[in-house]
Amino acid sequence: ARSAHKSVDSSSSGYFRREVHLEDYPSVLEAVLTKSGKSSLDELKADEVAFYSYLPSSIVIEGDTDLIDPSSYAPMTETYNAFSLQCHGCDEGFGSLNYLIVMDMYGEVKGIYPHN
């Protein structure tokens with residue numbers, strides 16, 4: 001039997017919030033530069049409209065480890081969550097990129113993999 005959905009409670013001892021900046025990851029910057037056709041990262045960053053058409057300025061991850069039954073999983077640092085982040089309506093002459101983001105159950109990013 002599935003338990004009822006429970007919401008993240010920011011007052012919980014297991015609550016966490018992470019702000020992730022995709023531009024902090026070299027693989028993301030390489031992919032954005034390649035996709036843009038610009039000759040350098042400085043040239044691309046100077047055109048903020050083009051630069052941020054390929055990636056969000058940041059994403060926020062929230063969770064509550066108190067909502068996870070530890071008997072059902074491997075240790076939370078060895079259990080992973082993956083999702084794909086895709087730009088919605090971002091192709092205004094620039095194209096788009098998708099990002100596969102892998103993190104542990106504490107919201108720590110383990111990898112970001114750009115793909116098209």
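Analyst: By the ring rule, the count comes to one aromatic pair. The rule is that rings of Phe, Tyr and Trp (its six-membered ring) pair if their centres lie within 6.5 Å, with planes under 30 degrees apart counting as stacked, over 60 as edge-to-face and the rest as tilted. This is a predicted model, in which local features need pLDDT of at least 70 and side-chain atom pairs count only at pLDDT 80 or more, while totals for chains, interfaces and linings use all residues. Residues are numbered from 1 along each chain as its sequence is written, and side-chain values use heavy atoms, leaving out hydrogens and water.

User: Why is the pair of Phe-51 and Tyr-52 called edge-to-face?

Analyst: The ring centres of Phe-51 and Tyr-52 are 4.8 Å apart and their planes stand at 75 degrees, so the pair is edge-to-face.

User: What makes Phe-51 buried, and what is Tyr-52 called?

Analyst: Buried means under 20% relative accessible area, exposed means over 50%, and partly exposed lies in between (1.4 Å probe, protein chains only). Phe-51 has a relative accessible area of 2% and is therefore buried, whereas Tyr-52, with 35%, is partly exposed.

User: How do you know whether Thr-79 is buried or exposed?

Analyst: Thr-79 has 12% relative accessibility, and therefore counts as buried. Thr-79 lies in the loop between strand S2 (59-64) and strand S3 (80-86), where strands are DSSP runs (E, at least two residues) and helices are such runs too (H or I, at least four), numbered from the N terminus.

User: What makes the approach of the Thr-79 side chain to the backbone oxygen of Ala-74 a polar contact?

Analyst: A polar contact is a pair of N or O atoms within 3.5 Å; within protein, one must be able to donate a hydrogen and the other to accept it, and residues adjacent in sequence count only if both atoms are side-chain atoms. A polar atom of the Thr-79 side chain lies 3.0 Å from the backbone oxygen of Ala-74, and the side chain also reaches the backbone oxygen of Pro-75 at 3.1 Å.

User: Why are S3 and S5 said to stand at the edges?

Analyst: Three strands form an open sheet in the order S3-S4-S5, with antiparallel pairing. S3 and strand S5 (109-115) each have a single partner strand, so one side of each is left without a neighbour in the sheet. Two strands pair if DSSP finds at least two bridges between them, and six bridges join strand S4 (residues 98-104) to S5.
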